[in-house]
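Me: I'm new to this one and would like to go through it slowly. Could you start with the terms and then take me through the details?

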Amino acid sequence: MEKPLKEIWQSVLAQVKLSISSANFSTWFKNTDIDLIDSGKVVISVPNNFSKDWLENKYYKNILKILRELDPNVKDLVFVVKKIGAKTSEASIFIKKEKQLDFNNLITNKETNLNNRYRFDNFIVGSFNEVAHAAATAVAEKPGSTYNPLFIYGGVGLGKTHLIQAMGNQIFQNENKIKVRYISSDKFSSEFVSGLQNKTVEDFKNKHKELDVFIIDDVQFLTGREKIQEELFHIFNALYEKNKQIIFSSDRPPKAITGIMDRLRSRFEGGTVIDINFPDFETRLAILKAKAQEKNIELAPEIYEYIAKKIERNIRELEGALNRLILFHQANNQGLDLEKTKELLKDVIKPPLRIVNPRNVLQVVAEFYDLKEKDLLASSRKKELVQPRQIVMYLLKEELKCSFPFIGRKLGGKDHTTVMYGYRKIAQELKVNEKLKEEILLIKKRVFVS
Ligand code: ADP
Ligand code: MG
């Protein structure tokens, strides 16, 4: 990004403003800022945990999309709480450090665009990915003849990029003359657009139509970009006619990608479509151990087990947790036990549910709506108090299974019929009011998980 961070964030905010009410805007975006942009990762600082939860749940996609429009290199977005007056958040400092710690000696081949850290020999196979792996090795053995096109899909951080690049690396290694190109969908789009601007679009087209193996990552990001889809469609046809190998990846199956033209979708579906699932516990353990070995570190068995138990759905996060432990180890030269591990990973690994009493519910609701607890206990009928109070009633009934009379007593001596009314009011409202639903979800999260 060339522009100063402040300016970028101002343009994001300007766009967000168009799509939400001004009350919401000032509640959730007040005192937010961009803290850092590093290797495509954008760190947004927010004033407190409520804003963090809210923005993560409601605005993640939207903000990411706007940022990507400003800069196609943006890959990911995180929200961090920054203490008032702090210069940079702790998270940003960590991200910088983590980046410096370059375990893998990244080398990207200029011609193929492939990164040499993604190989078959360091790709761990388990039941969650063995079908995808088998297809990938078959393709790498004989590109253009078995599974063509090959479409791999699966959730974030589950090894799609690793696997499709491993194919490219293997093919290129087997036969150096083969023309292989890997590209992310975003890069593909931005190259096309600058081709149009610089009048080099013919070069762009020809470059791709001459390939033997074309690998395009994360095609879900082509959503809504019709010109680019059109171009990909033509490149696909040109390659396919000549039995050249085409490999796609996406975070979802072709059917579930919206905003894609039907004829391109039917190309995605026209060969073999395979998913990568979630790894089971044993596999997660194996992955951790293999990665630790790769990085020349050995941890106590209970540490591997702890991480593998807690991080279930994302291999990148498994690696991230491991990296953090290694960072600590290097900086402190100190043995690592389970306690220390838990402490170091506390923001990555969600703590177990806590025991909750009515007071906690009251506190969280008051904090959420920026009210005083005693106002919720009083009987003022002010509009801004009535609903939060009813939410307390609702949660105490629904989540803590308290009786109506008990709730009435806890809320400053209210009649049980008042409580009943309040409870029903919220239950009713929840059926039609998305915003309320979202708020209650966030409140519940705060009450039960912090
Ligand atoms: P995706 O593209 O699906 O979001 P990536 O391919 O980027 O995921 O994988 C995330 C991280 O996890 C990478 O560092 C990758 O090397 C690692 N990884 C994923 N799957 C495996 C696997 N089966 N074996 C070894 N490392 C893996
Ligand atoms: Mg990927």
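Reply: Helices (H or I, at least four residues) and strands (E, at least two) are DSSP runs, which are numbered from the N terminus. This is a predicted model, so local features need pLDDT of at least 70 and side-chain atom pairs count only at pLDDT 80 or more, while totals for chains, interfaces and linings use all residues. Residues are numbered from 1 along each chain as its sequence is written, chains are lettered from A and ligands numbered from 1 in the order in which they are written, and side-chain values use heavy atoms, with hydrogens and water left out.

Me: OK, how many helices and strands does the chain have?

Reply: The chain has 20 helices and eight strands, and its C-alpha trace spans about 80 × 50 × 40 Å along the principal axes. Of its 450 residues, 46% count as buried, where buried means under 20% relative accessible area, exposed means over 50%, and partly exposed lies in between (1.4 Å probe, protein chains only).

Me: And where is proline 149?

Reply: Proline 149 sits in the loop that runs between helix H5 (130–141) and strand E4 (150–154).

Me: Switching to the ligand, which residues come nearest to ligand 1?

Reply: There are 18 residues around ligand 1, and the ones that come nearest are Gly157, Lys160, His162, Lys291 and Glu319; a residue counts as near if one of its heavy atoms lies within 4 Å. By class, this shell has six nonpolar, seven polar and five charged residues, with Ala, Val, Leu, Ile, Met, Phe, Trp, Tyr, Cys and Pro taken as nonpolar, Asp, Glu, Lys and Arg as charged, and the others, Gly among them, as polar.

Me: How much of ligand 1 does the protein cover?

Reply: The protein covers 95% of the 550 Å² of accessible area that ligand 1 has on its own. Two elements give two or more residues to the shell around ligand 1, namely helix H6 (160–174) and helix H13 (315–332).

Me: New topic: what is the phi of asparagine 31?

Reply: Although asparagine 31 is not a glycine, its phi is positive, at about 60°. Asparagine 31 belongs to the loop between H2 and strand E1 (33–38), and its relative accessible area of 58% makes it exposed.

Me: And aspartate 370, is it buried or exposed?

Reply: Aspartate 370 counts as exposed, because its relative accessibility is 71%. Its phi is near 60°, again a positive value in a residue other than glycine, and aspartate 370 lies in the loop between H15 and helix H16 (373–377).

Me: Last one: how far apart in space are lysine 374 and glutamine 197?

Reply: From C-alpha to C-alpha, lysine 374 and glutamine 197 are 62 Å apart in space, and in sequence they are 177 residues apart. Lysine 374 is part of helix H16, and with a relative accessible area of 57% lysine 374 is exposed.

Methods
Accessible areas come from the Shrake-Rupley method with a 1.4 Å probe; for residues, only the protein chains shown count as cover.
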